[in-house]
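Q: I have a structure open and want to go through it piece by piece. Can you help me read it?

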Amino acid sequence: LWTWQNVDLYLWMILIGVGIFAAIYQFFLTLGYQHAPAVKISPLIYFAVILSGVFDWIFWHNIPDALSYIGVVFVIIGAIWCIKSEGDKPTT
């Protein structure tokens, strides 16, 4: 409160955009949970980390390093492994 600064219109538009996209994301995530088991949907949530890296690269020109690429590979392999291993279990 002691260092309060008024927010300009540009920042308000960014904040509103973030809020809108977060609401859309939540809507589609809920819709996904209605149409597929949580075991299949949950590993895909980690792709948000990959997408944030892609947006960081596109908008702010931050080039990912080798460790980032290794992380992307681990996320993809982990998601595929979780989906495949849960699909092999018999349903009760």
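Q: How do the residues lining the second largest pocket divide into nonpolar, polar and charged?
A: This is a predicted model. In the lining of the second largest pocket, nine residues are nonpolar, four are polar and one is charged.

Q: Which residues lie nearest the centre of that second largest pocket?
A: Those are I50, G53, P64, S68 and V72, out of a lining of 14 residues.

Q: Which helix gives the most to the lining of the second largest pocket?
A: α3 does, with six residues. Both α3 and α4, which covers 66–87, supply at least two residues of that lining.

Q: And how much space lies in the second largest pocket?
A: About 280 Å³. The largest pocket has a volume of about 480 Å³.

Q: OK, the largest pocket then. Which residues line the largest pocket?
A: The lining is made of G17, V18, F21, A22, Y25, L44, F47, A48, L51, S52, F55 and F59. Two elements give two or more residues to it: α1, residues 9–35, and α3, residues 47–60.

Q: Which one has the largest share of that lining?
A: α3, with six residues.

Q: How many charged residues are in the lining of the largest pocket?
A: None: the lining has 10 nonpolar and two polar residues, and no charged ones. The second largest pocket, as said, has one charged residue in its lining.

Q: Stepping back, how many helices and strands does the chain have?
A: There are four helices and zero strands. Along the sequence the pattern reads α-α-α-α.

Q: Is the chain compact or spread out?
A: The chain is more spread out than a compact globule, because its radius of gyration is 18 Å, well over the 12 Å that the globule rule gives for 92 residues. The C-alpha trace spans about 60 × 35 × 25 Å along the principal axes.

Q: What percentage of the residues count as buried?
A: Of the 92 residues, 7%. A residue counts as buried when its relative accessible area is under 20%.

Q: What about the accessible surface, how much of it belongs to carbon and sulfur atoms?
A: 75% of it does, and the accessible surface comes to about 8,200 Å².

Q: Back to α3. How far does α3 reach from its first C-alpha to its last?
A: α3 reaches 19 Å with its 14 residues, close to the 20 Å expected at 1.5 Å a residue.

Q: What comes just after α3?
A: H61, which takes a positive phi of about 55 degrees. H61 sits in the loop between α3 and α4.

Q: Is H61 buried or exposed?
A: H61 is exposed, because its relative accessible area is 63% and the cut-off for exposed is over 50%.

Q: One more residue. Where does I70 lie?
A: I70 lies in helix α4.

Q: Is I70 buried, partly exposed or exposed?
A: I70 is partly exposed, with a relative accessible area of 43%.

How values were computed
Residues numbered from 1 in each chain as written. Predicted model: local features only at pLDDT ≥ 70, side-chain atom pairs only at ≥ 80, totals over all residues. Heavy atoms only, no water. 1 Å grid on protein atoms, 1.4 Å probe; cavity = no way out; pocket = protein on both sides within 12 Å on 5 of 7 lines; lining within 4 Å. Points joined across faces, edges and corners; volume = space filled by probe spheres on them. Nonpolar A, V, L, I, M, F, W, Y, C, P; charged D, E, K, R; others polar. Rg over C-alpha atoms; globule rule 2.2 N^0.38 Å. Buried < 20%, exposed > 50% of the residue type's maximum accessible area, 1.4 Å probe, protein only. Areas by Shrake-Rupley, 256 points an atom, 1.4 Å probe, with all protein chains shown as cover. Expected span 1.5 Å × (residues − 1).
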